Amino acid sequence: MPVIHLINSIKILIYFDDHLPPHFHAQYNEFEILIEIETLEVYSGYLPTKQRKRVLAWASENQDFLRAKWNEYYDI
């Protein structure tokens, strides 16, 4: 489960051979959220509003990067 990006202290991760739909994890302190890559919809979990907004803003600018990382890690 490599950290693929850091936004301040928020870790963005994609797990090797994870389940569908394509998604990424964002961890901040004791909080974790799963966000679908294609729609940027929250799949599961919770992040405080300020951190969730930062993650979604970054993800919207980096969807191609997230898709590429998902494809790279999904078949491992």
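For the helix pair I take axes as lines fitted to C-alpha atoms over the stretch in contact, with angles running from 0 to 180 degrees between N-to-C directions. The model I am reading is a predicted one.

**Entry 1: the helix pair**

I looked up how helix α1 (residues 49–61) lies against helix α2 (residues 63–74). Their axes come within 5 Å and cross at roughly 80°. I therefore record α1 as roughly perpendicular to α2, since angles of 65 to 115 degrees fall in that class.

Which residues make the contact? On the α1 side I list W58, A59, S60 and E61, and on the α2 side Q63, F65 and L66. Sorted by class, this contact of α1 with α2 holds 4 nonpolar, 2 polar and 1 charged residues.

**Entry 2: the chain as a whole**

I next read the secondary structure, which comes to 2 helices and 5 strands. Along the sequence the elements follow the pattern β-β-β-β-β-α-α. The radius of gyration of the chain is 11 Å, close to the 11 Å given by the globule rule for 76 residues, so I note the chain as being as compact as a globular protein of that length.

Taken along the principal axes, the C-alpha atoms fill a box of roughly 35 × 25 × 20 Å. I find that buried residues make up 37% of the 76 residues. The chain exposes about 4,500 Å², and carbon and sulfur atoms supply 50% of that area. I also checked contacts between residues at least 6 apart in sequence, of which 33% join residues at least 24 apart.

**Entry 3: the loop between β2 and β3**

I turned to the loop between β2 (10–13) and β3, where P21 has its place. The peptide bond from L20 to P21 is cis, with omega near 0°. D17 is found in the loop between β2 and β3 as well. For D17 I note a phi near 50°, a positive value in a residue other than glycine.

**Entry 4: N29**

Where does N29 sit? I place N29 in the loop between β3 (23–28) and β4 (31–36). Its backbone has phi near 50°, again positive in a residue other than glycine.

Last, I looked up the separation of N29 from A68, which lies 39 residues away along the chain; their C-alpha atoms are separated by 27 Å.

Methods
Residues are numbered from 1 along each chain as its sequence is written. This is a predicted model: local features need pLDDT of at least 70, side-chain atom pairs count only at pLDDT 80 or more; totals for chains, interfaces and linings use all residues. Side-chain values use heavy atoms; hydrogens and water are left out. Helices (H or I, at least four residues) and strands (E, at least two) are DSSP runs, numbered from the N terminus. Angles under 35 degrees count as roughly parallel, over 145 as roughly antiparallel, 65 to 115 as roughly perpendicular and the rest as oblique. Contact means heavy atoms within 4.5 Å. Ala, Val, Leu, Ile, Met, Phe, Trp, Tyr, Cys and Pro count as nonpolar, Asp, Glu, Lys and Arg as charged, and the others, Gly among them, as polar. The radius of gyration is taken over C-alpha atoms; the globule rule is 2.2 Å times the number of residues to the power 0.38. Buried means under 20% relative accessible area, exposed over 50%, partly exposed in between (1.4 Å probe, protein chains only). Accessible areas come from the Shrake-Rupley method with a 1.4 Å probe; for residues, only the protein chains shown count as cover.
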